[in-house]
Amino acid sequence: IESKMHTSYIRCIGFAWSPTDAVCIFNDAPYSEEHPNAIGSNFRRVVEKILQSSVPKTFHNGMFDTIILEENGFVVENWTYDTMIAQHVLQPELPLGLDFCTSMYTDINYYKDDGKESGDRIDRTRLGIYNCKDVVATWQTQDAQTIEFEGTEKYKYFLYKMKQIPLAKHFSRTGMLVDPE
């Protein structure tokens, strides 16, 4: 997803159906301070159908994306893979960002500056292309990581980390009590 900086307003969401093909769907409700989580009805209908389907979902930093989606009333079913978590398991000493993973696992040229927001104005065409590149890069990264996992015990640890996501999301939202003594 692409959200308005420092808000939970969703500008758009991208979906890839192959390592090279993707679509970006824009929220058809304009942002306003009075309704920071406005979601257009067409956007909601299409995105809900995809997110609640039985198709396996992959994210890069899905903790962020799914929290923003949930704050906007979306439920994500079948989140099975996270390329950032996989990167942490495969190479914990290296950076985790999608920009790094894209440079390591794909042939996609650097594009991460293309999606930078400057003020309230953002070029929708550039943002849509940027969003599609993100989801294609995530797909290609997953493909390469899956090959790296083959024949290693690391995949079991990755699955364990994926099972910890609901607890981590709970702590992220509510905090955790700490006894300073």
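User: Is Cys24 buried or exposed?
Analyst: This is a predicted model, and in it Cys24 is buried, with a relative accessible area of 18%, a value that falls under the 20% cut-off for buried residues.

User: How many disulfides are there?
Analyst: The count comes to 0 disulfides. Cys24 is in none, although the sulfur of Cys12, which is the nearest cysteine sulfur to that of Cys24, is 3.5 Å away; a disulfide would need the two sulfur atoms to be within 2.5 Å.

User: And what about Cys132, which cysteine sulfur is closest to its own?
Analyst: The closest is that of Cys24, but because the two sulfur atoms are 5.3 Å apart, they are too far from each other for a bond. Cys132 is also buried, and its relative accessible area is 18%.

User: Switching to the fold, how many helices and strands does the protein chain have?
Analyst: The protein chain has 7 helices and 5 strands, and from the N terminus on they run β-β-β-α-β-α-β-α-α-α-α-α.

User: What is its radius of gyration?
Analyst: The protein chain has 17 Å, which agrees with the value near 16 Å that a compact globule of 181 residues would have. The C-alpha trace spans about 50 × 50 × 35 Å along its principal axes, and buried residues make up 41% of the chain.

Key. Residues numbered from 1 in each chain as written. Predicted model: local features only at pLDDT ≥ 70, side-chain atom pairs only at ≥ 80, totals over all residues. Heavy atoms only, no water. Helix = DSSP H or I, 4+ residues; strand = E, 2+ residues; numbered from the N terminus. Rg over C-alpha atoms; globule rule 2.2 N^0.38 Å. Buried < 20%, exposed > 50% of the residue type's maximum accessible area, 1.4 Å probe, protein only.
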